[in-house]
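I looked each item up in turn.

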Amino acid sequence: MTVAVPARLHLGFLDLDGGLGRRFGSIGLPIDGLGTRVAISAADETTVDGPERERAARHLAAMQARLGMQRPVRLTVQETVPAHAGLGSGTQIALAVAAALRTLFGLPLDPAGDALHLGRGRRSGVGVGLFDAGGLVTDGGRAAASGVAPVVSRIAFPDQWRVLVALDPGRQGLSGADESAAFARLPAFSPAEAAALCRLVLMQILPALCERDLASFGAGVGALQHRLGDYYAPVQGGARFASPQVESVLNHLQQHGATGIGQSSWGPTGFAFVASAQEAEQLAAQARARPGAEGLDIRVCRALNRGAEISTARG
(Lines give C-alpha, C1' and ligand atoms only; values in the text may rest on other atoms or scores of the structure.)
Protein backbone atom coordinates (compact mmCIF):
# COMPACT_ATOMS: atom_id res chain seq x y z
CA MET A 1 0.00 0.00 0.00
CA THR A 2 1.06 3.57 -0.59
CA VAL A 3 0.57 6.94 1.08
CA ALA A 4 0.98 10.13 -0.96
CA VAL A 5 1.10 13.52 0.78
CA PRO A 6 1.14 16.72 -1.31
CA ALA A 7 3.62 19.52 -0.78
CA ARG A 8 2.27 22.61 0.92
CA LEU A 9 2.86 26.32 0.63
CA HIS A 10 3.11 28.15 3.94
CA LEU A 11 1.74 31.64 3.33
CA GLY A 12 2.71 33.09 6.68
CA PHE A 13 2.40 33.22 10.46
CA LEU A 14 -0.22 35.44 12.09
CA ASP A 15 0.89 36.05 15.67
CA LEU A 16 4.54 35.70 16.63
CA ASP A 17 3.84 37.63 19.84
CA GLY A 18 1.64 35.08 21.61
CA GLY A 19 0.26 37.58 24.12
CA LEU A 20 -3.21 36.00 24.05
CA GLY A 21 -1.85 32.60 25.05
CA ARG A 22 -1.45 31.19 21.53
CA ARG A 23 1.56 31.74 19.33
CA PHE A 24 2.19 31.47 15.61
CA GLY A 25 -1.11 30.70 13.87
CA SER A 26 -0.60 30.15 10.16
CA ILE A 27 -2.18 29.88 6.74
CA GLY A 28 -1.32 27.56 3.86
CA LEU A 29 -2.48 25.26 1.09
CA PRO A 30 -1.40 22.04 -0.69
CA ILE A 31 -0.28 22.00 -4.32
CA ASP A 32 -0.08 19.31 -6.97
CA GLY A 33 3.00 18.14 -8.82
CA LEU A 34 5.20 17.99 -5.72
CA GLY A 35 4.86 15.66 -2.79
CA THR A 36 6.03 12.68 -0.79
CA ARG A 37 5.03 9.08 -1.49
CA VAL A 38 5.92 5.98 0.52
CA ALA A 39 5.05 2.33 0.00
CA ILE A 40 4.93 -0.29 2.74
CA SER A 41 4.38 -4.03 2.93
CA ALA A 42 4.89 -6.88 5.37
CA ALA A 43 8.34 -8.48 5.13
CA ASP A 44 10.63 -11.05 6.71
CA GLU A 45 12.92 -8.30 7.99
CA THR A 46 12.58 -4.56 8.26
CA THR A 47 14.21 -2.55 5.47
CA VAL A 48 13.96 1.08 4.40
CA ASP A 49 14.94 2.23 0.91
CA GLY A 50 14.75 5.31 -1.27
CA PRO A 51 15.46 9.02 -0.86
CA GLU A 52 15.45 10.36 2.71
CA ARG A 53 15.77 6.75 3.89
CA GLU A 54 17.57 7.67 7.11
CA ARG A 55 14.86 10.11 8.16
CA ALA A 56 12.15 7.63 7.16
CA ALA A 57 13.88 4.86 9.14
CA ARG A 58 13.92 7.05 12.27
CA HIS A 59 10.23 7.80 11.90
CA LEU A 60 9.43 4.14 11.32
CA ALA A 61 11.33 3.06 14.44
CA ALA A 62 9.66 5.79 16.51
CA MET A 63 6.20 4.76 15.29
CA GLN A 64 6.86 1.07 15.89
CA ALA A 65 7.83 1.93 19.46
CA ARG A 66 4.78 4.22 19.88
CA LEU A 67 2.40 1.50 18.66
CA GLY A 68 4.21 -1.46 20.21
CA MET A 69 4.37 -2.86 16.68
CA GLN A 70 7.62 -4.70 16.00
CA ARG A 71 6.48 -6.84 13.08
CA PRO A 72 8.97 -6.41 10.20
CA VAL A 73 8.03 -4.29 7.19
CA ARG A 74 9.55 -3.11 3.96
CA LEU A 75 9.27 0.66 3.60
CA THR A 76 10.18 2.34 0.31
CA VAL A 77 10.30 6.10 -0.08
CA GLN A 78 9.28 6.51 -3.71
CA GLU A 79 9.21 10.30 -3.95
CA THR A 80 10.01 13.35 -1.84
CA VAL A 81 10.04 17.10 -2.32
CA PRO A 82 13.33 18.96 -1.86
CA ALA A 83 14.25 19.20 1.83
CA HIS A 84 14.52 22.64 3.45
CA ALA A 85 12.77 24.32 0.51
CA GLY A 86 9.78 25.65 2.43
CA LEU A 87 7.42 22.95 1.13
CA GLY A 88 6.84 20.95 4.32
CA SER A 89 8.99 17.94 3.44
CA GLY A 90 9.70 17.02 7.08
CA THR A 91 6.05 16.88 8.10
CA GLN A 92 5.07 15.07 4.90
CA ILE A 93 7.49 12.19 5.33
CA ALA A 94 6.71 11.86 9.04
CA LEU A 95 2.95 11.67 8.49
CA ALA A 96 3.31 9.44 5.43
CA VAL A 97 5.37 6.86 7.35
CA ALA A 98 3.01 6.99 10.33
CA ALA A 99 -0.10 6.60 8.19
CA ALA A 100 1.47 3.79 6.16
CA LEU A 101 2.32 1.75 9.25
CA ARG A 102 -1.07 2.31 10.84
CA THR A 103 -2.98 1.44 7.66
CA LEU A 104 -0.93 -1.68 6.97
CA PHE A 105 -1.92 -3.12 10.33
CA GLY A 106 -5.49 -1.81 10.38
CA LEU A 107 -4.98 0.85 13.05
CA PRO A 108 -6.85 4.19 13.07
CA LEU A 109 -5.02 7.25 11.83
CA ASP A 110 -3.85 9.91 14.29
CA PRO A 111 -2.07 12.65 12.31
CA ALA A 112 -1.96 15.17 15.15
CA GLY A 113 -0.73 12.74 17.79
CA ASP A 114 1.80 11.13 15.47
CA ALA A 115 3.08 14.52 14.33
CA LEU A 116 3.90 15.57 17.88
CA HIS A 117 5.46 12.18 18.65
CA LEU A 118 7.70 12.57 15.59
CA GLY A 119 8.67 16.15 16.38
CA ARG A 120 6.44 17.91 13.86
CA GLY A 121 3.73 20.57 14.27
CA ARG A 122 5.57 22.48 16.98
CA ARG A 123 4.83 25.80 15.29
CA SER A 124 2.52 25.60 12.29
CA GLY A 125 -0.53 23.34 12.27
CA VAL A 126 -1.04 23.73 8.52
CA GLY A 127 0.96 20.68 7.42
CA VAL A 128 -0.90 18.41 9.84
CA GLY A 129 -4.26 20.01 9.02
CA LEU A 130 -3.73 19.50 5.30
CA PHE A 131 -3.14 15.76 5.74
CA ASP A 132 -6.89 15.24 6.22
CA ALA A 133 -8.19 17.60 3.53
CA GLY A 134 -6.99 20.36 1.27
CA GLY A 135 -8.08 23.89 0.48
CA LEU A 136 -6.75 27.02 2.13
CA VAL A 137 -6.25 26.14 5.80
CA THR A 138 -5.84 28.51 8.73
CA ASP A 139 -4.74 27.26 12.14
CA GLY A 140 -5.38 29.08 15.40
CA GLY A 141 -1.91 28.89 16.90
CA ARG A 142 -0.52 26.63 19.56
CA ALA A 143 -1.10 27.15 23.26
CA ALA A 144 1.68 26.34 25.71
CA ALA A 145 0.05 23.16 26.97
CA SER A 146 -1.76 22.09 23.79
CA GLY A 147 -0.94 19.73 20.96
CA VAL A 148 -0.90 20.65 17.28
CA ALA A 149 -2.53 24.00 16.55
CA PRO A 150 -6.22 23.47 15.68
CA VAL A 151 -7.57 24.17 12.21
CA VAL A 152 -10.06 27.04 12.52
CA SER A 153 -10.83 27.59 8.83
CA ARG A 154 -10.76 25.48 5.67
CA ILE A 155 -11.97 27.01 2.39
CA ALA A 156 -12.02 25.30 -1.01
CA PHE A 157 -9.64 26.87 -3.50
CA PRO A 158 -11.02 27.86 -6.94
CA ASP A 159 -10.34 25.15 -9.52
CA GLN A 160 -9.56 27.66 -12.26
CA TRP A 161 -6.91 29.61 -10.35
CA ARG A 162 -3.28 28.55 -10.61
CA VAL A 163 -0.19 28.94 -8.46
CA LEU A 164 3.14 29.78 -10.03
CA VAL A 165 5.88 28.17 -7.94
CA ALA A 166 9.57 29.07 -8.24
CA LEU A 167 12.09 26.68 -6.66
CA ASP A 168 15.80 27.40 -6.28
CA PRO A 169 17.61 24.04 -6.07
CA GLY A 170 20.88 25.82 -5.27
CA ARG A 171 19.70 27.15 -1.91
CA GLN A 172 18.09 25.87 1.28
CA GLY A 173 15.89 27.59 3.82
CA LEU A 174 16.31 27.50 7.57
CA SER A 175 15.20 24.43 9.51
CA GLY A 176 15.66 22.64 12.81
CA ALA A 177 18.16 24.23 15.18
CA ASP A 178 18.97 26.98 12.68
CA GLU A 179 15.30 27.94 12.49
CA SER A 180 15.00 28.05 16.28
CA ALA A 181 18.14 30.16 16.50
CA ALA A 182 16.77 32.56 13.88
CA PHE A 183 13.55 33.08 15.83
CA ALA A 184 15.63 33.69 18.96
CA ARG A 185 17.65 36.43 17.20
CA LEU A 186 14.61 38.27 15.88
CA PRO A 187 13.20 41.21 17.86
CA ALA A 188 9.99 40.92 19.84
CA PHE A 189 6.92 40.87 17.61
CA SER A 190 4.53 43.66 18.52
CA PRO A 191 0.91 42.88 19.45
CA ALA A 192 -0.15 45.66 17.07
CA GLU A 193 1.62 43.96 14.17
CA ALA A 194 0.04 40.61 15.08
CA ALA A 195 -3.36 42.31 15.14
CA ALA A 196 -2.73 43.78 11.68
CA LEU A 197 -1.82 40.36 10.26
CA CYS A 198 -4.87 38.70 11.79
CA ARG A 199 -7.05 41.46 10.35
CA LEU A 200 -5.58 40.86 6.89
CA VAL A 201 -6.47 37.17 7.12
CA LEU A 202 -9.93 37.47 8.67
CA MET A 203 -11.15 40.59 6.90
CA GLN A 204 -9.48 40.29 3.49
CA ILE A 205 -7.81 37.00 2.53
CA LEU A 206 -10.48 34.55 3.70
CA PRO A 207 -13.59 36.47 2.56
CA ALA A 208 -11.93 37.26 -0.78
CA LEU A 209 -11.35 33.55 -1.30
CA CYS A 210 -14.97 32.78 -0.43
CA GLU A 211 -16.10 35.34 -3.03
CA ARG A 212 -13.51 34.20 -5.61
CA ASP A 213 -12.03 37.70 -5.71
CA LEU A 214 -8.44 37.08 -6.84
CA ALA A 215 -7.39 40.73 -6.78
CA SER A 216 -8.37 41.19 -3.13
CA PHE A 217 -7.07 37.76 -2.14
CA GLY A 218 -3.71 38.43 -3.78
CA ALA A 219 -3.45 41.90 -2.27
CA GLY A 220 -4.03 40.44 1.17
CA VAL A 221 -1.49 37.65 0.75
CA GLY A 222 1.02 40.13 -0.67
CA ALA A 223 0.56 42.49 2.28
CA LEU A 224 0.95 39.61 4.75
CA GLN A 225 4.14 38.50 3.03
CA HIS A 226 5.47 42.06 2.82
CA ARG A 227 5.17 42.57 6.58
CA LEU A 228 6.59 39.16 7.46
CA GLY A 229 9.41 39.52 4.94
CA ASP A 230 10.51 42.77 6.56
CA TYR A 231 10.44 41.11 9.97
CA TYR A 232 12.49 38.10 8.80
CA ALA A 233 14.95 40.17 6.77
CA PRO A 234 17.63 40.46 9.52
CA VAL A 235 18.11 36.67 9.50
CA GLN A 236 17.79 36.40 5.70
CA GLY A 237 20.74 38.55 4.75
CA GLY A 238 18.74 41.75 4.98
CA ALA A 239 16.25 40.71 2.27
CA ARG A 240 12.60 39.67 2.24
CA PHE A 241 13.45 36.59 0.19
CA ALA A 242 16.06 33.90 0.80
CA SER A 243 16.84 33.67 -2.93
CA PRO A 244 17.58 36.82 -4.96
CA GLN A 245 16.83 34.89 -8.16
CA VAL A 246 13.40 33.84 -6.92
CA GLU A 247 12.69 37.39 -5.77
CA SER A 248 13.58 38.75 -9.22
CA VAL A 249 11.27 36.24 -10.94
CA LEU A 250 8.40 36.99 -8.57
CA ASN A 251 8.74 40.74 -9.11
CA HIS A 252 8.62 40.12 -12.87
CA LEU A 253 5.49 37.99 -12.48
CA GLN A 254 3.82 40.66 -10.39
CA GLN A 255 4.60 43.32 -12.98
CA HIS A 256 2.91 41.17 -15.63
CA GLY A 257 -0.32 40.35 -13.84
CA ALA A 258 0.37 37.80 -11.12
CA THR A 259 -0.64 38.67 -7.57
CA GLY A 260 0.02 37.63 -3.98
CA ILE A 261 3.75 37.03 -4.41
CA GLY A 262 5.61 35.61 -1.45
CA GLN A 263 7.98 33.06 0.03
CA SER A 264 6.81 29.78 1.49
CA SER A 265 8.07 29.47 5.06
CA TRP A 266 11.84 30.18 5.12
CA GLY A 267 12.07 29.54 1.40
CA PRO A 268 13.78 29.58 -0.91
CA THR A 269 10.59 28.55 -2.75
CA GLY A 270 8.44 31.47 -3.89
CA PHE A 271 4.89 31.65 -5.21
CA ALA A 272 2.37 33.86 -7.01
CA PHE A 273 -1.30 33.47 -7.96
CA VAL A 274 -2.97 33.87 -11.35
CA ALA A 275 -6.54 33.59 -12.62
CA SER A 276 -6.24 30.81 -15.19
CA ALA A 277 -4.10 27.98 -16.52
CA GLN A 278 -3.52 29.81 -19.82
CA GLU A 279 -2.25 32.95 -18.10
CA ALA A 280 -0.09 30.87 -15.77
CA GLU A 281 1.58 29.00 -18.63
CA GLN A 282 2.29 32.23 -20.49
CA LEU A 283 3.81 33.90 -17.43
CA ALA A 284 5.84 30.82 -16.54
CA ALA A 285 7.32 30.70 -20.06
CA GLN A 286 8.26 34.38 -19.85
CA ALA A 287 9.81 33.91 -16.42
CA ARG A 288 11.90 30.91 -17.51
CA ALA A 289 13.31 32.91 -20.43
CA ARG A 290 14.45 35.84 -18.29
CA PRO A 291 18.15 36.41 -17.63
CA GLY A 292 18.92 35.24 -14.10
CA ALA A 293 16.26 32.52 -14.09
CA GLU A 294 18.76 29.86 -15.13
CA GLY A 295 18.80 27.05 -12.60
CA LEU A 296 15.37 27.86 -11.17
CA ASP A 297 12.53 25.36 -11.40
CA ILE A 298 9.43 27.39 -12.33
CA ARG A 299 6.18 25.42 -12.28
CA VAL A 300 2.47 25.90 -12.79
CA CYS A 301 0.57 24.16 -10.01
CA ARG A 302 -3.00 23.64 -8.89
CA ALA A 303 -4.00 24.19 -5.31
CA LEU A 304 -5.54 20.94 -4.10
CA ASN A 305 -8.87 20.56 -2.34
CA ARG A 306 -7.88 17.17 -0.94
CA GLY A 307 -5.37 15.86 1.53
CA ALA A 308 -3.25 12.73 1.56
CA GLU A 309 -4.17 9.75 -0.60
CA ILE A 310 -3.91 6.20 0.77
CA SER A 311 -4.07 3.32 -1.70
CA THR A 312 -4.14 -0.37 -0.83
CA ALA A 313 -3.36 -3.09 -3.35
CA ARG A 314 -4.28 -6.65 -2.49
CA GLY A 315 -2.98 -9.64 -4.39
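I began with helix α8 (residues 244-255) and helix α9 (residues 277-289), whose axes come within 10 Å and cross at roughly 140°. Helices here are DSSP runs of H or I with at least four residues, numbered from the N terminus, and axes are lines fitted to C-alpha atoms over the stretch in contact, with angles from 0 to 180 degrees between N-to-C directions. α8 and α9 are therefore oblique to each other, given that angles under 35 degrees count as roughly parallel, over 145 as roughly antiparallel, 65 to 115 as roughly perpendicular and the rest as oblique. I noted that α8 passes α9 in a right-handed crossing, the term for a near helix turned clockwise from the far one by less than a right angle, anticlockwise being left-handed.

For the contact itself (heavy atoms within 4.5 Å), I listed V249, H252 and L253 in α8 against L283, Q286 and A287 in α9. The residues of this contact divide into four nonpolar, two polar and no charged, where Ala, Val, Leu, Ile, Met, Phe, Trp, Tyr, Cys and Pro count as nonpolar, Asp, Glu, Lys and Arg as charged, and the others, Gly among them, as polar.

I recorded that the model is a predicted one, in which local features need pLDDT of at least 70 and side-chain atom pairs count only at pLDDT 80 or more, while totals for chains, interfaces and linings use all residues. Residues are numbered from 1 along each chain as its sequence is written, and side-chain values use heavy atoms, with hydrogens and water left out.

Next I looked up helix α1 (residues 53-67) and helix α2 (residues 89-104), whose axes come within 9 Å and cross at roughly 45°, which makes α1 oblique to α2. Their crossing is right-handed. Among the residues that make the contact are H59, L60 and M63 of α1 and I93, A94 and V97 of α2, and the contact as a whole divides into nine nonpolar, four polar and three charged residues.

I then searched for disulfides (pairs of cysteine sulfur atoms within 2.5 Å) and found zero. C198 is in none, and the nearest cysteine sulfur, that of C210, is 17 Å away. At 33% relative accessibility, C198 counts as partly exposed, the class between buried (under 20% relative accessible area) and exposed (over 50%), with a 1.4 Å probe and protein chains only.

Last, I placed E211 in the loop between α6 (191-210) and α7 (214-232). E211 is exposed, with a relative accessible area of 63%, and its C-alpha atom is separated by 9.8 Å from that of P158, 53 residues apart along the chain.

Terms used:
Helices (H or I, at least four residues) and strands (E, at least two) are DSSP runs, numbered from the N terminus.
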